[in-house]
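Subject: Structure handover

Hello,

Here is the structure I promised to pass on. Please open it beside this message and follow along.

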Amino acid sequence: MLWSCGAKRAYSARSIGATFETGRAFVLLDREPFGKVASELEEALPLAEDEGAKAVLRSHLRLSRQTLAEQVATVIQRRIRESGLTRVEFARHLGTSRSRLSTYENGTVTPSATMMLKIDALARRPRRLELPSRAMPPDAREQMDARDQTASGSSSSSAAR
């Protein structure tokens with residue numbers, strides 16, 4: 001078993017980031033999120049030096065301990081972030097209210113499979129680049145308008161000749 005030498009030695013600073021060990025740890029955590037491996041991992045993580053590996057393992061441990069409703073809520077939260085929309089806009093695009101979306105986000109209500117597909121599609125749609133209407137200072141806009149008028153005036157006078 002992965003932890004036969006004890007968690008502190010198995011997850012020493014040198015071995016915590018090893019891909020093979022980390023991959024095996026994920027499988028074991030998924031199988032028994034509150035088992036011996038999980039408790040030994042919790043004990044060993046503070047001793048590890050590889051911050052990246054510690055963060056990944058800590059996150060996987062937390063996720064493996066979530067209920068299905070909590071996992072769905074986590075996915076919805078991630079999809080809302082990915083969309084780049086506000087929660088009000090996201091709810092409006094889904095055809096639901098902000099308060100109903102909040103119940104999905106918090107795991108109070110689990111959405112239907114159809115709603116989950118809509119959420120996924122909305123989060124993955126291409127984003128449109130929209131500049132604010134005042135992206136350019138007013139005086140710069142006036143200068144450009146004046147330049148455009150001058151250019152169009154000179155071309156019309158040339159055509160008249």
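Below is what I found, going from the overall fold to single residues.

**The overall picture**

Please keep in mind that this is a predicted model. The protein has 9 helices and 0 strands. Read along the sequence, the pattern is α-α-α-α-α-α-α-α-α. The protein has 161 residues, and 28% of them are buried. Its exposed surface comes to about 11000 Å². Carbon and sulfur atoms supply 54% of that surface.

How much of the contact count joins residues 24 or more positions apart? Among contacts with a separation of 6 or more, the share is 59%.

**Helix α5**

Start with α5, which runs over residues 68–83. This helix has 16 residues. From first C-alpha to last, α5 reaches 23 Å, close to the 22 Å expected. Its buried residues are A73, T74, I76, R79, I80 and S83.

Which helices do the buried residues of α5 pack against? They pack against α4 (51–64), α6 (87–94), α7 (98–106) and α8 (113–124). Just after α5 comes G84, with a positive phi of about 80°.

**The cores**

The largest nonpolar core holds 11 residues. They are I76, I80, L85, F90, A91, L94, L101, Y104, M115, I119 and L122. Four elements, α5, α6, α7 and α8, each give two or more residues to this core. A second, separate core has 9 residues, including A25, L45, L57 and L61. In soluble globular proteins, nonpolar side chains tend to be buried together.

Look at I119 in the largest core. Leaving out residues up to four places away in sequence, I119 touches I76, R79, F90 and L94.

R79 lies in α5. Is R79 buried or exposed? R79 counts as buried because its relative accessibility is 12%, and the cut-off for buried is under 20%. Beyond its neighbours within four places in sequence, R79 is in contact with F90, I119, D120, A123 and R124.

One of these contacts is also a salt bridge. D120 pairs with R79, and the closest N and O atoms are 2.7 Å apart. D120 lies in α8 and R79 in α5, so the pair ties together parts that are 41 residues apart in sequence. Salt bridges that share partners join R79, E82, D120 and R124 into one network. D120 is partly exposed, at 26% relative accessible area.

**Other salt bridges**

How many salt bridges are there? The count comes to 8.

E42 and R65 form one of them, at 2.9 Å from N to O. This pair links distant parts of the chain: E42 is in α3, R65 is in the loop between α4 and α5, and they are 23 residues apart. E42 is partly exposed, at 41% relative accessible area. R65 is also partly exposed, at 25%.

E40 and K36 form another, with the closest N and O atoms 3.9 Å apart. Both lie in α3 (residues 36–44). They are 4 residues apart, about one turn of the helix. E40 is buried, with a relative accessible area of 14%. K36 is exposed, at 59%.

S64 is found in α4. S64 is buried, at 14% relative accessible area. A polar atom of its side chain lies 2.9 Å from the backbone oxygen of L61. Setting aside residues up to four places away in sequence, S64 touches L29, D30 and P33.

Where is Q66? Q66 sits in the loop between α4 and α5. Q66 counts as buried, at 17% relative accessibility. Q66 touches Q71 and T74, again not counting residues up to four places away in sequence. Q66 and P33 are 33 residues apart in sequence. In space, their C-alpha atoms are 9.1 Å apart.

Best wishes

Notes: Residues are numbered from 1 along each chain as its sequence is written. This is a predicted model: local features need pLDDT of at least 70, side-chain atom pairs count only at pLDDT 80 or more; totals for chains, interfaces and linings use all residues. Side-chain values use heavy atoms; hydrogens and water are left out. The expected span of a helix is 1.5 Å times one less than its number of residues. Buried means under 20% relative accessible area, exposed over 50%, partly exposed in between (1.4 Å probe, protein chains only). Contact means heavy atoms within 4.5 Å. A polar contact is a pair of N or O atoms within 3.5 Å; within protein, one must be able to donate a hydrogen and the other to accept it, and residues adjacent in sequence count only if both atoms are side-chain atoms. Accessible areas come from the Shrake-Rupley method with a 1.4 Å probe; for residues, only the protein chains shown count as cover. A nonpolar core is a set of buried Ala, Val, Leu, Ile, Met, Phe, Trp, Tyr and Cys residues joined through side-chain atoms within 4.5 Å. A salt bridge is a side-chain nitrogen of Lys or Arg within 4 Å of a carboxyl oxygen of Asp or Glu.
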